[in-house]
Amino acid sequence: MVVVSKCLEFEACRYNGQKISFDWVDRLRDQVTFLPVCPEVEIGLGIPRDPIKIVKRKDALHLVQPSTERDVSDDMHAFAERFLQSLSEVDGFILKSRSPSCGIKDVKLYTGKREEMASGKTTGMFAAHVLKRFGGLAIEDEGRLTNLRLREHWLTKLFALARFRHLAARPSAVALVRFQAENKLLLMAYHQTRMRQMGHLVANHDHLPLAQVVADYRALLQEALAKPPRATSHVNVLMHAMGYFKDKISSAEKRHFLRELDRFVAGRLPFSALSGILNSWIERFDESYLRPQTYFSPYPEALVDLKDTGR
Ligand code: SF4
C-alpha cells in the first residue's frame, strides 16, 4: 500500500482549491493500493483556505496560518501520530513536494521578527512524522519521481518491501531462504555487506525464534535498500550475470553488451535496457538460476518507463 498526498490526482484539496496532475498516480493504480490523505483538511482547515507556513520561534518549528495567526502545530502533530499509528500494511509514500505539511525537503522555513522572509529549508510537519516512523520505507515526492534513476530505485524498493510484507504475513524458514535466494543479485547490487548479513540470518545458526529472524531481516532489508546502488555495483552484478552466458553468446553480442554497459555507466542508458538484454538471454538459454532473480524484473513490466526529467 502507498500513502499519497490527496492533492496529487485524487482531490482538489490544495489551499487554492486545486489539484495537481501527476500521471504516475494513474500508472500505479493497477499495481498498488493507494491511501490518499490530506493532513491540512484532516485538521479542519477548509478548502480553499489561507496558506500556512513553517516558522521557527525560539528554536522550535511551528505550523502557522499568518492571516488568522492560528498555530496548528499541535493539531498536525496529533493527527500525524494518530493516522500513522493506524497504518499496518504500508510499503511507501508519495508526498507533495515543498508543502509545509507534506514536503519531504526543500520546504521554506520562515524566521525573524516578522517571519516574512524565507531563510532556510526544512521538512513539512506531517512528512517529518512519516520519516521518523517509517524512514525505512519507499518515500519520495512527486517531483523527484520524474527523475528516472530515483524512480527506478523507489519502485524497486517499494515492490521488494511489499514482497517481504506478504512473506512476513505467513512466515516460514523455507520462504525466507527462497526470498534471500531470489533477491540475491538485487541485494548484491544494493549492499553486499547487508546481503551477507541477511544470508547469515536466514541460515539461523543461532536458532533464533522465527519472529525475531523476520523482524531482523526486515530491518536489514530496509537498510540494504536505503540508497540507490552505484553504477559500478550494477556493473559488477551485470558482468557476473553475463558470465552465465559467456560460452553461449557470440563475440558480437558480448561486445554489444559491454558497449551498452559503458553507456549505462556514463548515464546515457537506463538500467532497464541492460536488464532487458539479460532477460532475453535468460529466455533464450532457459537459464534456471537467473530466471527467478528479482534483479532483472524488480517491479511490474507495465511500470517500466524511460521518461526522465533529470531533476
Ligand atoms: S500538500 Fe498535503 S496538505 Fe497540502 S493539499 Fe496536498 S495533501 Fe493536502
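Begin by selecting α11 and α12: α11 passes α12 in a left-handed crossing. A crossing is called left-handed if the near helix is turned anticlockwise from the far one by less than a right angle, and right-handed if clockwise. Helices (H or I, at least four residues) and strands (E, at least two) are DSSP runs, numbered from the N terminus. Residues are numbered from 1 along each chain as its sequence is written. The model is predicted: local features need pLDDT of at least 70, side-chain atom pairs count only at pLDDT 80 or more, and totals for chains, interfaces and linings use all residues.

**The α11 and α12 pair**

Helix α11 covers residues 251–265 and helix α12 residues 271–284; their axes come within 9 Å and cross at roughly 160 degrees. Axes are lines fitted to C-alpha atoms, for helices over the stretch in contact, and angles run from 0 to 180 degrees between N-to-C directions. α11 and α12 are therefore roughly antiparallel to each other. Angles under 35 degrees count as roughly parallel, over 145 as roughly antiparallel, 65 to 115 as roughly perpendicular and the rest as oblique.

Show the side chains of Phe 257, Glu 260, Leu 261 and Phe 264 on α11, and of Phe 271, Ala 273, Leu 274 and Ile 277 on α12; these make the contact. Two residues are in contact if their C-beta atoms, placed from the backbone, lie within 7 Å. By class, this contact of α11 with α12 has 7 nonpolar, no polar and 1 charged residues. Here Ala, Val, Leu, Ile, Met, Phe, Trp, Tyr, Cys and Pro count as nonpolar, Asp, Glu, Lys and Arg as charged, and the others, Gly among them, as polar.

Keep α11 and select α10, residues 231–242; α10 and α11 pack at an angle of about 165 degrees, with their axes 10 Å apart. That makes α10 roughly antiparallel to α11. The crossing of α10 and α11 is right-handed. Ala 231, Val 235, Leu 238 and Met 242 of α10 meet Phe 257, Leu 261, Phe 264 and Val 265 of α11. This contact of α10 with α11 has 8 nonpolar, no polar and no charged residues.

**Move to α6 and α8**

Select residues 173–182 (α6) and 192–203 (α8), whose axes come within 9 Å and cross at roughly 160 degrees. α6 is thus roughly antiparallel to α8, and α6 passes α8 in a left-handed crossing. On α6, pick Leu 176, Val 177 and Gln 180; on α8, pick Met 198, Gly 199 and Val 202, which complete the contact. By class, the contact of α6 with α8 has 4 nonpolar, 2 polar and no charged residues.

**Colour by domain**

The domain assignment gives domain 1 (2–146) and domain 2 (147–311); such bounds come from an automatic or database domain assignment. The C-alpha centres of domain 1 and domain 2 lie 32 Å apart. Their contact takes 13 residues from domain 1 and 15 residues from domain 2. On the side of domain 1 that touches domain 2, the residues divide into 3 nonpolar, 5 polar and 5 charged.

**The ligand**

Select the ligand and its shell: Ser 5, Lys 6, Cys 7, Cys 13, Arg 14, Cys 38, Pro 39, Glu 40, Lys 96, Ser 99, Ser 101 and Cys 102. A residue is near a molecule if its C-beta atom, placed from the backbone, lies within 6 Å of it. The shell divides into 5 nonpolar, 3 polar and 4 charged residues.

**Two backbone details**

Zoom in on Glu 9, in the loop between β1 (2–5) and α1 (23–28). Glu 9 has a positive phi of about 75 degrees although it is not a glycine. Finish at Pro 48, in the loop between α2 (39–42) and β3 (53–57). A cis peptide bond joins Ile 47 to Pro 48, with omega about -10 degrees.
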